[in-house]
Amino acid sequence: MPSAEFVVVANRLPVDRVVSAEGEESWRTSPGGLVAALEPVMHGVEGAWVGWAGQADLDLAPFEADGIRLVPVRLSALEVEEYYEGFSNDTIWPLYHDVISSPQYHREWWDAYVRVNRRFAEAAVDAVADGGTVWVHDYQLQLVPQMVRELRPDVTIGYFHHIPFPAHGLYAQLPWRDQVLRGLLGADVIGFQRAQDATYFLTAVRRRLRYEVRATVVTVPEDGTAGRRVVARAFPISINTQPYLELAARPDVRARAAEIREGLGNPRKILLGVDRLDYTKGIRHRIKAYGELLDQGRLSVEDVTFVQVASPSRERVDAYVHLRDEIELAVARINGNHDTMDHTAIRYLHQGFPREEMVALYLAADVMLVTALRDGMNLVAKEYVATRDDNRGVLVLSEFTGAADELRQAVRVNPHDIEGLKESILVAVNMPPAEQGRRMRSLRKRVLEHDVDAWSRSFLAALRQVSAARP
Ligand code: GDG
């Protein structure tokens, strides 16, 4: 196998397996932001991507798709249950999102997590060239940096954490808290979404491991040296703006936006929520606030419609099954109380849509509701802003998202404060066009200047800098 200068390691490969009616198998590049961000980097050098193909018990040899070498990591059905649904999505995910849902701690899940992380690390080590670079992504693979370093000290290692890192008081719950910190510290550069995430991580390192921390640099003790320097700081991720700008300008997409409005009975204002159906996204809080505004007669279904796209997610994890029941009950109650033959209070869609349709929805939406209780970044907020080339529309944005650090001209909300949220929804619905324009211009400037390309370039520049300074 040829060796790669640059290896990305992520839980998922950037492709989806499609099987035709004739049973023929092919791979379609998934439209995710990470692929787009890394494409220029992967094509500039000999690159490889290590990840799971998304299906249990599938044995696959490395293959090429769109000029990128893909190295599949096999997971058994039990590993999917214990490493992925269990430790990743039912232990780390809720713990790192401030225990909105209770994290489950199971020793078998941890054992599977260690085993699977080792498999990813070994695949990365096999793929990477002498003195090459490995870039590890996200909370499913926090042990990989240290494992790669132990096997291959010649390699430069980056790690990017897409979700929040919790305050020390919460992080300390994790029975394997020291092992995870050591795992991450195998990297040369550890990237977080917000400065606050980096601060929490550095506090945990100081308090748990007692390593020296100065500003954003940790000195990791190493035998026979003065120690290894690890940089931990914020690199806020963004979107690939190009496809959003192009789609927003396309006549058929604009026509579709008008058609959506028509189909909803031409309401004066359309409110929109777009999320994976996840308890971190504050969907219940948003529905509650909106329902109360209808109950109190401060909004009317003749005037306003709320569209909620909740794309199916992690449907085998209990907390997600309960969440779906709760949300669907709340939606049905509100619609039952307020719908008329011509107007619906909430148009709820538990479905995934093609990107064209998402952009048409963004264009149709007068108010975008992003009310996450905790969110690493929230790309939906940035996508909405990118598509609004008419400088109209209002973004209501939770202060608990990473995006809130950058998108200062949004209407900021604390989603736990239902009265405050209701007031903010009314402010957004009634905002005069001139103020919409003033805010949206500033939001767009930020997103267009800080796109995903700028993000990956700045992370990789930091990585190069650290590796150049290495003895
Ligand atoms: C994690 C962190 C961080 C959603 N439904 C459909 C669809 N989507 C797309 C959105 C957006 C993406 O999925 C979701 O990204 P978010 O950032 O909003 O949230 P997470 O999935 O939780 O992502 C998050 C992110 O990683 C990146 O670091 O920002 O904080 O939790 O792009 O548009 N896309 C299509 N159909 C759908 O139905 N086509």
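Student: In what sense do β9 and β12 pair, and over how many bridges?
Tutor: Strand β9 (residues 189–192) and strand β12 (residues 228–234) pair in the parallel sense over four bridges. Two strands pair if DSSP finds at least two bridges between them. Strands are DSSP runs of E with at least two residues, and helices are runs of H or I with at least four, numbered from the N terminus.

Student: Where do these numbers come from?
Tutor: This is a predicted model, where local features need pLDDT of at least 70, side-chain atom pairs count only at pLDDT 80 or more, and totals for chains, interfaces and linings use all residues. Residues are numbered from 1 along each chain as its sequence is written, and side-chain values use heavy atoms, with hydrogens and water left out.

Student: OK. What stands opposite I190 in β12?
Tutor: A232 does. I190 also touches Y159, L184, L185, F201, V230, V231, A232 and R233, leaving aside residues up to four places away in sequence. Contact means heavy atoms within 4.5 Å.

Student: What strand order does the open sheet have?
Tutor: The ten strands run β5-β6-β4-β1-β7-β8-β9-β12-β11-β10, with mixed pairing. β5 (63–65) and β10 (212–214) are at the edges with a single partner strand each, so one side of each has no neighbour in the sheet.

Student: Which residues have the most contacts inside the largest nonpolar core?
Tutor: V7, F120, L185, I190 and F201, in a core of 100 residues. Such a core is a set of buried Ala, Val, Leu, Ile, Met, Phe, Trp, Tyr and Cys residues joined through side-chain atoms within 4.5 Å. Buried means under 20% relative accessible area (1.4 Å probe, protein chains only). Helix α3 (residues 107–127) gives the most to this core: eleven residues.

Student: New topic. Is α13 largely enclosed or open?
Tutor: Eight of the nine residues of helix α13 (residues 379–387) are buried, so the rest of the structure largely encloses it. Y384 and V385 are among them. The buried residues pack against elements including α8 (241–249) and α15 (433–449).

Student: How far is a polar side-chain atom of D375 from an oxygen atom of the ligand?
Tutor: 2.5 Å. For H162, a polar side-chain atom lies 2.7 Å from a ligand oxygen. G376 has a backbone N or O atom 3.0 Å from a ligand oxygen.

Key. Buried means under 20% relative accessible area, exposed over 50%, partly exposed in between (1.4 Å probe, protein chains only). A polar contact is a pair of N or O atoms within 3.5 Å; within protein, one must be able to donate a hydrogen and the other to accept it, and residues adjacent in sequence count only if both atoms are side-chain atoms.
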